[in-house]
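Here are my notes on this model, in numbered points. Please read them with the viewer open.

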Amino acid sequence: MVLLDADTAGCVLTWLNNGGALDPKRTRILQSCIEDLDRVIPQITEPAGTQYYERLRQLALLASRALSSTE
């Protein structure tokens, strides 16, 4: 979970720092993180953990959708 958090946050931070752009490798990583979050969030039993990772997922989705709209 820590690595998933770091990978997702790193991609989003890079996206922000690059004015809304990501290279193809990071775009694939971001998409993979979203898929992983979709799989693991239902398995989290702690409410605070669920809330944190749901917010992280929403952040990743926003960046991903913005990337899709600029292609």
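**Notes on the packing**

1. One aromatic pair turns up in a search of the whole structure. The ring centres of Tyr52 and Tyr53 are 5.0 Å apart and the planes lie at 85 degrees, so the pair is edge-to-face. For the cut-offs, rings of Phe, Tyr and Trp (its six-membered ring) pair if their centres lie within 6.5 Å; planes under 30 degrees apart are stacked, over 60 edge-to-face, and the rest tilted. Tyr52 is partly exposed, at 42% relative accessible area. Tyr53 is buried, at 12%. Buried means under 20% relative accessible area, exposed over 50%, and partly exposed in between (1.4 Å probe, protein chains only).

2. A word on provenance. This is a predicted model: local features need pLDDT of at least 70 and side-chain atom pairs count only at pLDDT 80 or more, while totals for chains, interfaces and linings use all residues. Residues are numbered from 1 along each chain as its sequence is written, and side-chain values use heavy atoms, with hydrogens and water left out.

3. The largest nonpolar core has 10 residues: Cys11, Val12, Trp15, Leu22, Leu30, Ile34, Ala60, Leu61, Ala63 and Leu67. Such a core is a set of buried Ala, Val, Leu, Ile, Met, Phe, Trp, Tyr and Cys residues joined through side-chain atoms within 4.5 Å. At least two of its residues come from each of α1 (2–17), α2 (24–40) and α3 (47–70). The largest share, four residues, is from α3. Helices here are DSSP runs (H or I, at least four residues), numbered from the N terminus. A further core of six residues lies apart from this one, and includes Leu4, Leu37, Tyr53 and Leu56.

4. Which helices do the buried residues of α3 pack against? They pack against α1 and α2. Among these buried residues are Gly49, Arg57 and Ser64. The length of α3 checks out: its 24 residues should span 34 Å at 1.5 Å a residue, and its end C-alpha atoms are 35 Å apart, which agrees. The expected span is 1.5 Å times one less than the number of residues.

5. Thr8 lies in α1. Its relative accessible area is 0%, so Thr8 is buried. Beyond four places in sequence, Thr8 contacts Leu30, Cys33, Leu37, Leu56 and Ala60. Contact means heavy atoms within 4.5 Å.

6. Ile44 sits in the loop between α2 and α3. Not counting residues up to four places away in sequence, Ile44 touches Met1, Gly49, Thr50 and Tyr53.
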